[in-house]
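Work through the exercises below with the sequence and the model side by side. Each task is followed by a solution that goes step by step.

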Amino acid sequence: MDEMKLRPAPDPSGVMSDLVENTTINRRQFMRLGFNTAGGVLAASLGALGFAAILLPPSGAGGGDAAVKFWAKGREDEAWYGAMHLQAMSKSVFEKEAAKSNVGMSGAQGVWNGLPVVVIYVPHAENKDKGATDDVPRFQFMAGYDVTKKYVGHATEMLLAQPELFEPDNNLVMIFSRCTHLCCIPGWQLIDDPTTKDTWTPGGGDDGGSKLFCICHSSRFDPTAIEVNTNVNRSNGQMFDYLGIRRAGGPAPVGLPIIPIIMNGDTIEASTEYEGWLTYCD
Ligand code: FES
């Protein structure tokens, strides 16, 4: 995958101008034309891998029940969960895979109620009392700032008021996998890139690995950096605050929303109560 040609990420200081420039693209046009162009390059790089197949779970797949399922279509030979396509996700499977990681993390693409998601295992419970040290990942609760750099709120405050949103000692986080830039589907280790390596740095910045990566324009998201942010419902224009993971770099204006996990024994399920946070894409 080294030959993959992606548009270089802009300098972080140019995020706003890049956002303005890119949002002039009609989203449907982008998905139909620009997406196909990008997809052509990527599909060539990915060989037999069906680009659309990995990015676009059908709306019916996994729909209608609470279970979160692995989504490995086209990556059966490559992803660690390739043999578990459309099987229900369980925490113990993530723990087993995390034991092979330098930093104790694992992640997988999934589908939940027909929506693309990513579930990431972070060894928070065992690392939370250790110092802020490279390659010792834990969840970090942070202040959030919108695209105008205005303070939105702090994750700790939101979690004090709504603890059901996220249980850090469960060592799992699930995010809605539609990019806040132009709604492509960021993934876990879909490419071989410094930001996706099996490393970790504290601070929620754009260094270190274990980031989610959006292959369309290379936005990065840190699944360990939990923050409050704000986005807009595309149907009615209303702004909403949400709990999410931090945008670390690239043209995405803000981070990705969390979908609250509900454990059913070892099985990973999720709450439908915060679907309003998923309304920023068509
Ligand atoms: S859609 Fe552009 S970076 Fe994700």
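A residue is called buried if 20 or more other C-beta atoms lie within 10 Å of its own, exposed if 12 or fewer do, and partly exposed in between, with the C-beta atoms placed from the backbone. The model is predicted, so that local features need pLDDT of at least 70 and side-chain atom pairs count only at pLDDT 80 or more, while totals for chains, interfaces and linings use all residues. Residues are numbered from 1 along each chain as its sequence is written.

**Exercise 1. Confidence and overall make-up**

Task: State the mean pLDDT of the chain, and find where pLDDT stays under 50.

Solution: pLDDT is the predictor's confidence in each residue, on a scale from 0 to 100. The mean for the chain is 82, and 77% of its residues reach 70 or more. Over residues 1-63, however, pLDDT stays under 50. Turning to secondary structure, the chain has six helices and 13 strands, where helices (H or I, at least four residues) and strands (E, at least two) are DSSP runs numbered from the N terminus. Of the 282 residues, 42% count as buried.

**Exercise 2. The nonpolar core**

Task: Identify the residues with the most contacts inside the largest nonpolar core, and list what Met174 touches.

Solution: A nonpolar core is a set of buried Ala, Val, Leu, Ile, Met, Phe, Trp, Tyr and Cys residues joined through C-beta atoms within 7 Å. The largest one has 60 residues, and Val117, Val119, Met174 and Ile175 have the most contacts inside it. Strand 3 (residues 115-121) supplies the largest share of this core, six residues. For the second step, two residues are in contact if their C-beta atoms, placed from the backbone, lie within 7 Å. Once residues up to four places away in sequence are set aside, Met174 touches Val68, Val117, Val119, Ile258, Ile259, Ile261 and Ala270.

**Exercise 3. Strand order and pairing**

Task: Give the order of the four strands in the open sheet, and then examine the pairing of strand 12 with strand 13.

Solution: Two strands pair if DSSP finds at least two bridges between them. The open sheet has the order 1-2-3-6, with antiparallel pairing. Its edge strands, each pairing on one side only, are strand 1 (69-70) and strand 6 (172-176). Strand 1 is joined to strand 2 (residues 106-112) by two bridges, and Phe70 stands opposite Gly110 in strand 2. Strand 12 (residues 261-264) pairs with strand 13 (residues 267-270) in the antiparallel sense over four bridges, and Ile262 faces Glu269 there as its opposite residue. Two residues lie between these strands in the hairpin, where Gly265 takes a positive phi near 65°.
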